[in-house]
Amino acid sequence: MTNANDVSRPQPKPGIMDIAAYVPGKSGAPAGVAKVHKLSSNENPLGASPAAIEAVREAATYMEFYPDGAATRLREAIGEVYGLNPANIVCSNGSDEIIGLLAQTFLQPGDEGVFTEHGFLVYRIYIQAAGGVPVVARETDEKADVDAILAAVTDKTKIVFLANPNNPTGTYIPYEEVRRLHAALPGHVLLVLDAAYAEYVRRNDYESGIELVSTSQNVVMTRTFSKIHGLGGARIGWAYAPAHIVDALNRVRGPFNVNAMAIEAGVAAMRDRAHVERTVAHNDKWLSWLSDELTGLGLRVTPSVGNFILIHFPDDGKHSAAAADDYLTARGYILRRVAGYGFPNALRMTVGTEEANRGVVAALTEFLKS
Ligand SMILES: *Cc1c(COP(=O)(O)O)cnc(C)c1O
């Protein structure tokens with residue numbers, strides 16, 4: 001209970017108690033379910049790279065020492081793989097942390113931060129936590145709409161967050177569109193391109209944003225080790241940014257924000273390109289299998305280029321997303337409810353192991369007959 005007039009105890013600053021806390025994907029299933037398939041948080045069904053697991057074991061033997069606060073080896077490994085200058089990279093405790101640092105660094109109370117209608121909810125939370133005003137730009141066909149984003153920009157806008165591809169829709173906009181957005185934004189507005197799923201995208205007209213960061217002063221690209229690298233539990237993200245933004249972020253972040261085990265896991269995972277390729281190949285195969293099978297059941301799916309798929313349920317009153325979620329959960333298949341993202345009658349499913357994917361399709365086949 002909060003009472004703004006209660007002076008007998010500390011009060012959060014204005015706006016904090018208006019934040020709707022992030023609700024992570026469920027991980028449990030009811031007692032008695034033999035096997036749980038967690039398909040609610042877009043984790044890698046192949047797990048982490050064996051090299052990363054070994055690196056963490058080794059790092060655990062000297063965890064009394066503080067980590068390298070600059071995460072130098074990790075920035076070098078990333079720079080090597082992507083052909084980037086490590087000086088333009090900032091590492092973080094998951095890319096969520098970078099998103100928060102950017103909001104905190106560039107938004108003053110009353111400044112506006114723009115994101116899209118079905119965009120990643122973390123943007124709203126960090127804009128509000130910084131005292132900023134969240135501004136939502138409508139989407140078209142469950143896809144970011146550049147004209148709508150530009151129409152949402154005002155004199156007060158300081159930051160625009162774009163997840164490309166987006167979560168939970170899995171849709172993306174082509175690089176030409178991102179360039180058009182950037183070209184029309186005032187130079188003082190920061191454009192954050194959240195490319196958490198970039199590695200999964202197999203489209204010739206897609207670009208994660210590296211070129212735009214390299215050639216401008218107001219673009220940041222964020223990436224994560226939580227998805228393709230299977231390191232969600234290790235909490236590692238990174239940003240590629242112009243030098244002046246790196247300088248600002250390095251003043252605001254915690255001095256040891258990436259721990260020693262995470263640094264070593266990240267270095268090993270980044271260098272294990274075979275694991276990345278296996279993961280992409282698995283996803284390609286099962287994402288298209290799932291969309292075909294689910295469509296075959298008469299369910300609409302949003303076309304996805306990520307490692308998850310948004311499944312829409314019928315409005316017949318009997319086969320709602322909530323009913324499907326209960327049905328699947330009882331059988332050990334944990335998907336993600338997405339009402340908070342403006343999809344009250346859809347579930348988001350991570351592309352899982354072959355066993356999990358086949359199991360969900362079989363269970364939904366029965367569910368729709370029920
Ligand atoms: C999963 C996800 C992230 C990554 O979060 P981490 O903090 O790095 O685990 C960032 N953006 C989007 C859109 C995501 O779906």
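Trainee: Which residue does Arg 331 lie over, then?

Mentor: Arg 331 sits over the face of Tyr 327, at 3.5 Å from the ring centre. Arg 348 does likewise over Phe 308, at 5.9 Å from the ring centre.

Trainee: What should I keep in mind about the model?

Mentor: This is a predicted model, where local features need pLDDT of at least 70 and side-chain atom pairs count only at pLDDT 80 or more, while totals for chains, interfaces and linings use all residues. Residues are numbered from 1 along each chain as its sequence is written, and side-chain values use heavy atoms, leaving out hydrogens and water.

Trainee: OK, sheets. What order do the 7 strands come in?

Mentor: The open sheet runs S2-S8-S7-S6-S5-S3-S4, with mixed pairing. Strands (E, at least two residues) and helices (H or I, at least four) are DSSP runs, numbered from the N terminus, and two strands pair if DSSP finds at least two bridges between them.

Trainee: Which strands are at the edges?

Mentor: Strand S2 (89–92) and strand S4 (133–137), each pairing on one side only. S4 pairs with strand S3 (residues 112–116) in the parallel sense over 5 bridges, and Gly 113 stands opposite Pro 134 in S4.

Trainee: Which strands does helix H3 touch?

Mentor: Helix H3 (residues 95–106) packs on that sheet against S2, strand S5 (157–163), strand S6 (190–194), strand S7 (219–224) and strand S8 (237–240); contact means heavy atoms within 4.5 Å. The direction of H3 makes about 155° with that of S7. Axes here are lines fitted to C-alpha atoms, for helices over the stretch in contact, and angles run from 0 to 180 degrees between N-to-C directions. Helix H8 (residues 243–252) also packs on the sheet, touching S2, S6 and S7, with its direction at about 30° to that of S2.

Trainee: And the sheet with 4 strands, what's its order?

Mentor: S9-S10-S13-S12, open and antiparallel. Strand S9 (300–302) and strand S12 (336–338) each have a single partner strand, so one side of each is left without a neighbour in the sheet. Inside, 5 bridges join strand S10 (residues 308–312) to strand S13 (residues 343–350), and Ile 309 stands opposite Met 349 in S13. Helix H10 (residues 273–296) packs on this sheet, touching S9, S10 and S13.

Trainee: Switching to rings: how many aromatic pairs are there?

Mentor: The structure holds 10. Rings of Phe, Tyr and Trp (its six-membered ring) pair if their centres lie within 6.5 Å; planes under 30 degrees apart count as stacked, over 60 as edge-to-face and the rest as tilted. One is Tyr 22 with Phe 120: the centres are 6.4 Å apart and the planes at 75°, so the pair is edge-to-face.

Trainee: Are those two buried or exposed?

Mentor: Tyr 22 is partly exposed at 34% relative accessibility, while Phe 120 is buried at 11%. Buried means under 20% relative accessible area, exposed over 50%, partly exposed in between (1.4 Å probe, protein chains only).

Trainee: What about Tyr 82 and Trp 238?

Mentor: That pair is tilted, 5.4 Å centre to centre with 50° between the planes. Tyr 82 lies in helix H2 (residues 72–82) and Trp 238 in strand S8, so the pair ties together parts that are 156 residues apart in sequence. Trp 238 is buried, with a relative accessible area of 1%.

Terms used: A charge sits over a ring if NZ of Lys or CZ of Arg is within 6 Å of the ring centre and within 35 degrees of the ring normal.
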